[in-house]
Amino acid sequence: MAVATTTTKSFETVRPIKRKPLPAGRPREWYETHNRRLKAMRLAIALLDSGVYRPASASNRRIRSAAVRIGIHPPSNTTCRMVRELIG
């Protein structure tokens with residue numbers, strides 16, 4: 001019987017992506033939304049890696065503990081809602 005396994009790289013072996021500066025001249029709301037989406041995506045990936053595959057099991061408390069674990073500021077309620085939308 002064959003068994004399929006998946007392997008993922010640990011966070012220590014992955015080099016960070018070189019970031020480009022954001023475009024100038026946009027309204028402040030655009031920058032806030034952009035950064036909120038990036039944060040929600042990082043959190044959704046961390047939750048998926050930890051085994052949370054359903055939005056119903058991603059409570060605000062679990063999302064905020066994932067934020068602490070990966071070293072980012074705790075997200076707002078709006079960002080937590082965006083994380084659940086990305087997972088679902």
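Trainee: In which helix do Glu32 and Arg28 both lie?
Mentor: This is a predicted model, in which local features need pLDDT of at least 70 and side-chain atom pairs count only at pLDDT 80 or more, while totals for chains, interfaces and linings use all residues. Residues are numbered from 1 along each chain as its sequence is written, and side-chain values use heavy atoms, with hydrogens and water left out. Helices (H or I, at least four residues) and strands (E, at least two) are DSSP runs, numbered from the N terminus. Glu32 and Arg28 are 4 residues apart, about one turn of the helix, and both lie in H1.

Trainee: What is the N to O distance in the salt bridge of Glu32 and Arg28?
Mentor: Side chains of opposite charge can pair when their charged atoms come close. A salt bridge here is a side-chain nitrogen of Lys or Arg within 4 Å of a carboxyl oxygen of Asp or Glu, and by this rule the count comes to 1. The side chains of Glu32 and Arg28 meet in a salt bridge, with an N to O distance of 3.0 Å.

Trainee: Is Arg28 buried or exposed?
Mentor: Buried means under 20% relative accessible area, exposed over 50%, and partly exposed in between (1.4 Å probe, protein chains only). Glu32, at 40%, is therefore partly exposed. Arg28 has a relative accessible area of 66%, so Arg28 counts as exposed.

Trainee: How many helices does the protein have?
Mentor: From the N terminus on, the elements run α-α-α. There are 0 strands, and the number of helices is 3.

Trainee: Which helices do the buried residues of H3 pack against?
Mentor: The buried residues of H3 are Thr79, Cys80, Met82, Val83 and Ile87. Seen down the axis of H3, they fall within an arc of 160° (taken from the directions from the helix axis to the C-beta atoms), so they line one face of the helix. With contact meaning heavy atoms within 4.5 Å, these residues pack against H1 and H2.

Trainee: Which exposed residues does H2 carry on the face turned away from its buried side?
Mentor: In H2, Ile63, Ala66 and Ala67 are buried. Their arc, seen down the axis of H2, is within 105°, so they line one face of the helix. This buried set packs against H1 and H3. The face turned away from it carries the exposed residues Arg61, Val68 and Arg69.

Trainee: Which residues does Ile87 touch, not counting residues up to four places away in sequence?
Mentor: Ile87 is one of the buried residues of H3. With residues up to four places away in sequence not counted, Ile87 touches Ala44, Leu47, Leu48, Val52, Tyr53, Arg54, Pro55 and Ala58.

Trainee: How far apart in space are His34 and Leu22, C-alpha to C-alpha?
Mentor: His34 is placed in helix H1, and at 24% relative accessibility it counts as partly exposed. His34 and Leu22 are 12 residues apart in sequence, and their C-alpha to C-alpha distance is 9.5 Å.
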